[in-house]
Amino acid sequence: MKVLGIETSCDETGVALYDSEQGLLAHTLYSQVAIHAEYGGVVPELASRDHIRKLVPLLRSLLSDSQTRREEIDAIAYTAGPGLIGALMVGASVARSLAWAWGIRAMPVHHMEGHLLAPLLEPDPPPFPFIALLVSGGHTLLVRVDGIGAYQTLGESVDDAAGEAFDKTAKMLGLGYPGGPALARLAEGGTPGRFVFPRPMTDRPGLDFSFSGLKTHTLTTLAQSPGTAHDKADVAHAFQEAVVDTLLIKCRRALKQTGLKRLVAAGGVSANRLMREKLERAGAQDGFTVHFPRMEFCTDNGAMIAFAGCQRLLGEQSAQADVFVRPRWPLDELSPP
Ligand code: KG4
Ligand code: ZN
């Protein structure tokens, strides 16, 4: 089965073609970073308008570059939520319209299920069950995954998502949007141990997270130092260590609680090099395996949506006939196809 995937939930227009027999055939991404950079964050209306401009040309070049005729496509998967309503509507309307015109099915996909399944696109995919750490700009979730659609949320952020904390802290340090990767680069030149930030909510039982307090910590620390380039790098270093350690502590706890031996980390923040290293090291020490998407599939992309949609279609989930979007959509509400 060949599935065309469309992702437009936020500031990336992603398209891909996935074949259930041959794997990923093609994928392309257009990032709106340059458009939003001058505003210091995503402007929803500009995002929707740019998806409108870019989506159809991107689909055309995907099909021509992969020498695929539209008759070969069996279904279309699109991100239906969570995300920005206007941005979602663009992907959903285009997907639904093409599906009607071509006489094929259109499958709405949950964006976080896309992230969660992205590591399964890699050559050595983890078998179910596993623990998934989903760390994106909008969500921080620890999920027990027993199969496609069998998700139990074990913990989540009570305030800022991990990526959001990276972005907001980066802003305080005078870094541009998107802040996560810029902060990570700055942190590399920081002095280890000069500042030590708290590991929030690790001193009590449970698997929830809270990252908003780290912003205050950053502000106070910056206010108490001269604010030189060195100071900023040291603060970035302390912040990144604190976030990564906190995530690691909770992952270890979730694995211990459930007795599972496999960990999947996905979503934008899983591109963070320090996090990848620390999780790998912990896995080697504790005896669990760690699975990541390749770097380009950590952040938003069409490949994960084509893949997730295909799994649901293979599971014989029937596609809906309407243009379905849901800006807020808890992952736990999904059921197996
Ligand atoms: O999954 P994603 O592309 O979009 C959402 O679904 O939200 O995640 C984007 C988030 C942003 O907050 C970005 O700053 C963060 O992922 N991010 C990183 C890194 N690369 C992206 N955070 C820390 N280190 C990175 N290397
Ligand atoms: Zn995402």
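How many residues does helix H10 have, and how far does it reach from its first C-alpha to its last? Select residues 302-314 to find out. This is a predicted model, and in it H10 has 13 residues and reaches 18 Å, close to the 18 Å expected at 1.5 Å a residue.

Keep H10 selected and show the rest of the protein around it. Of the 13 residues of H10, 12 are buried, among them Met304, Phe307, Cys310 and Arg312. To see what covers them, select strand S1 (2-7), strand S2 (12-19), strand S3 (23-31), strand S4 (75-81), strand S5 (105-110) and H4: the buried residues of H10 pack against these elements.

Now look at the two ends of H10. At its start, select Asn301, where a side-chain oxygen comes within 3.0 Å of the backbone nitrogen of Ala303. Just after H10, select Glu316, which has a positive phi of about 70 degrees.

Next, select ligand 1. There are 16 residues around ligand 1, and those that come nearest are His115, Gly137, Asp167, Asn272 and Asp300. The shell is made up of 10 polar, 4 nonpolar and 2 charged residues. Color helix H4 (111-117), helix H5 (162-172) and helix H6 (179-188), each of which supplies at least two residues of this shell. H5 gives the most, with 3 residues.

A polar side-chain atom of Asn272 is 3.0 Å from a nitrogen atom of ligand 1. A backbone N or O atom of Gly180 lies 3.1 Å from an oxygen atom of ligand 1, and a polar backbone atom of Gly138 is 3.4 Å from an oxygen atom of ligand 1. Taken alone, ligand 1 exposes 550 Å², and the protein buries 87% of that.

Notes
Residues numbered from 1 in each chain as written. Chains lettered and ligands numbered in written order. Predicted model: local features only at pLDDT ≥ 70, side-chain atom pairs only at ≥ 80, totals over all residues. Heavy atoms only, no water. Near = heavy atom within 4 Å. Polar contact = N/O pair within 3.5 Å; in protein donor to acceptor, adjacent residues only side chain to side chain. Areas by Shrake-Rupley, 256 points an atom, 1.4 Å probe, with all protein chains shown as cover. Helix = DSSP H or I, 4+ residues; strand = E, 2+ residues; numbered from the N terminus. Nonpolar A, V, L, I, M, F, W, Y, C, P; charged D, E, K, R; others polar. Expected span 1.5 Å × (residues − 1). Buried < 20%, exposed > 50% of the residue type's maximum accessible area, 1.4 Å probe, protein only. Contact = heavy atoms within 4.5 Å.
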